[in-house]
Amino acid sequence: MSDSPSSPPSSTALSDHPRGPASRMIPMTTFAGTRPPEEGPRALDVRGVSVSFGKRSVLHDVSFHVPVGEFLCLSGPNGAGKSTLLKCILGLLEPTRGRIVIGGLPVNEGRRKVGYVPQRKAFDRDFPATPLDVVVANLRGRWPLFVSKSEREAAMAALERCGAGKLANRQMSDLSGGEAQRVFLARALATKPELLILDEPTAGVDVGGRAAIVDLMAEISASETMAAVLVTHNLQAIARCAERVIYLERTVRAWGLWSELSSVDDLSAIRTSDPNVMSLDGD
Ligand SMILES: Nc1ncnc2c1ncn2[C@@H]1O[C@H](COP(=O)(O)OP(=O)(O)OP(=O)(O)O)[C@@H](O)[C@H]1O
Ligand SMILES: [Mg+2]
């Protein structure tokens, strides 16, 4: 993927939000790195998206794009609006302002090109189901009463790819956090999405499970056709997978290559020792 020569790295503060009194509350963009090229096909286009809940502005004027095949990591502090942005991309939430285009289509049509791995809290692990049921249900769009041969083969191929083939007939409630996340990754990949959305897939997973998930994501990152947006604080995941990184804090505060962003002091939240934030050698 070629980088745009017209936007060289710069560590100067950008005052690109010259607005009225309300804008004083909004953190400025602090860093502009090498952006993806403007031309060429885009897997995702987010244009001026704002979200408010009542009077509370959670996202303000968020704009970025992800070219076909690019792996983007989205980082930012707790409450920054990352999951809210993903909900807009998935069509679960209507932005208050702005527009989202997926593979050239509006969200209500483009969302069928999207695979989604939810933040772990979103799933009730006691739900009585096997990994095979979970993957087939996503292929079919409804819960299986019985699993056909072709569905079983497609689901098994996705589970095998994620190192979860042996788990296919276990109960979800018996799986470890890392095993469950592999099943959800298989579920998302089974439909062969053009855009994969992952919301903190390594959070709460032990070291061994995390390494396996990062390995899988690095493999996906190497794919030329599938684009991905990974929400994570895990530096190892960012370092291994990210072609580009966005630091979000209500708005896009930084956008560029990880090699550029990793040395920007203002973005210390990416590297903090906050217990919710993972560092390279530990959590
Ligand atoms: N439906 C809602 N109604 C009101 N406020 C909401 C709603 N959904 C999210 N929020 C608020 O919006 C803010 C952004 O939440 P969001 O879940 O997007 O943050 P996040 O960046 O994903 O954080 P985390 O890193 O903790 O997952 C939070 O302050 C949250 O409380
Ligand atoms: Mg979140």
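What follows is a short account of the fold, the ligand shell and the nonpolar core of this predicted model. Local features were kept at pLDDT of at least 70 and side-chain atom pairs at pLDDT 80 or more, while totals for chains, interfaces and linings use all residues. Residues count from 1 along each chain as its sequence is written, with chains lettered from A and ligands numbered from 1 in the order in which they are written.

The chain has eight helices and 11 strands (DSSP runs numbered from the N terminus: H or I of at least four residues for helices, E of at least two for strands). Of its 283 residues, 41% come out as buried, meaning that 20 or more other C-beta atoms, placed from the backbone, lie within 10 Å of a residue's own.

Turning to the ligand, the residues around ligand 1 are F53, V58, G76, N78, G79, A80, G81, K82, S83 and T84 (C-beta atom, placed from the backbone, within 6 Å). Helix α1, residues 82-89, gives the most to this shell, with three residues. That helix is mostly covered, with six of its eight residues buried: K82, T84, L85, L86, C88 and I89. Just after α1, G91 takes a positive phi of about 75°.

As for the core, the largest nonpolar one holds 73 residues, and A186, L230 and I246 touch the most other members (a core being buried Ala, Val, Leu, Ile, Met, Phe, Trp, Tyr and Cys residues joined through C-beta atoms within 7 Å). Helix α5, residues 177-189, brings the largest share of this core, seven residues.

Conventions:
A residue is buried if 20 or more other C-beta atoms lie within 10 Å of its own, exposed if 12 or fewer, and partly exposed in between; C-beta atoms are placed from the backbone.
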